[in-house]
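Please read them with the structure open beside the text.

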Amino acid sequence: MVNVFFDFATEAEISQELGHRIAQQRIKKNITQAELASRAAVSISTIKRLEKGEGATLGNFIRVLNSLG
């Protein structure tokens with residue numbers, strides 16, 4: 001399913017949406033930010049920034065996604 005949202009969104013809006021989706025998945029899996037940070041080998045502040053939509057490096061983004069499965 002293609003998400004039309006991304007066709008018209010700004011970079012900031014996309015970052016916020018992706019951060020929201022990461023937070024949803026983390027919560028759904030009952031994982032704390034600290035546990036996700038540990039699993040992804042990133043800092044808790046990286047997880048917080050990512051979930052707020054403030055961005056992260058591509059490498060950190062991929063590590064977090066892989067850690068969420």
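1. How far apart are the mean positions of the positive and negative charges of the protein chain? The chain carries 9 positive and 7 negative charges, and their mean positions are 10 Å apart. Lys and Arg count as positive and Asp and Glu as negative, while His and the chain ends are not counted; each charge is placed at NZ of Lys, CZ of Arg, CG of Asp or CD of Glu.

2. On the basis of the note: this is a predicted model, in which local features need pLDDT of at least 70 and side-chain atom pairs count only at pLDDT 80 or more, whereas totals for chains, interfaces and linings use all residues. Residues are numbered from 1 along each chain as its sequence is written, and side-chain values use heavy atoms, with hydrogens and water left out.

3. The protein chain has five helices and zero strands, in the order α-α-α-α-α along the sequence; these elements are DSSP runs numbered from the N terminus, helices being H or I of at least four residues and strands E of at least two.

4. For 69 residues a compact globule would have a radius of gyration near 11 Å, and the 12 Å of the protein chain agrees with this (taken over C-alpha atoms; the globule rule is 2.2 Å times the number of residues to the power 0.38). The C-alpha trace spans about 35 × 20 × 15 Å along its principal axes. Buried residues make up 29% of the chain, where buried means under 20% relative accessible area, exposed over 50% and partly exposed in between, with a 1.4 Å probe and protein chains only.

5. In α3 (33-40), the buried residues are Leu36, Ala37 and Ala40. They cover an arc of only 100° around the axis, which puts them on the same side of α3; the arc is that of the directions from the helix axis to the C-beta atoms. An α-helix has 3.6 residues a turn, so residues three or four places apart point the same way. The cover over the buried residues of α3 includes α2, α4 and α5 (58-68), with contact meaning heavy atoms within 4.5 Å.

6. Two residues other than glycine deserve a check of their backbone. Asn30, in the loop between α2 (11-28) and α3, has a positive phi near 60° and is exposed, with a relative accessible area of 69%. Ala41, which follows α3 and lies in the loop between α3 and α4 (44-52), likewise has a positive phi of about 60°, and Ala41 is exposed at 63% relative accessible area.
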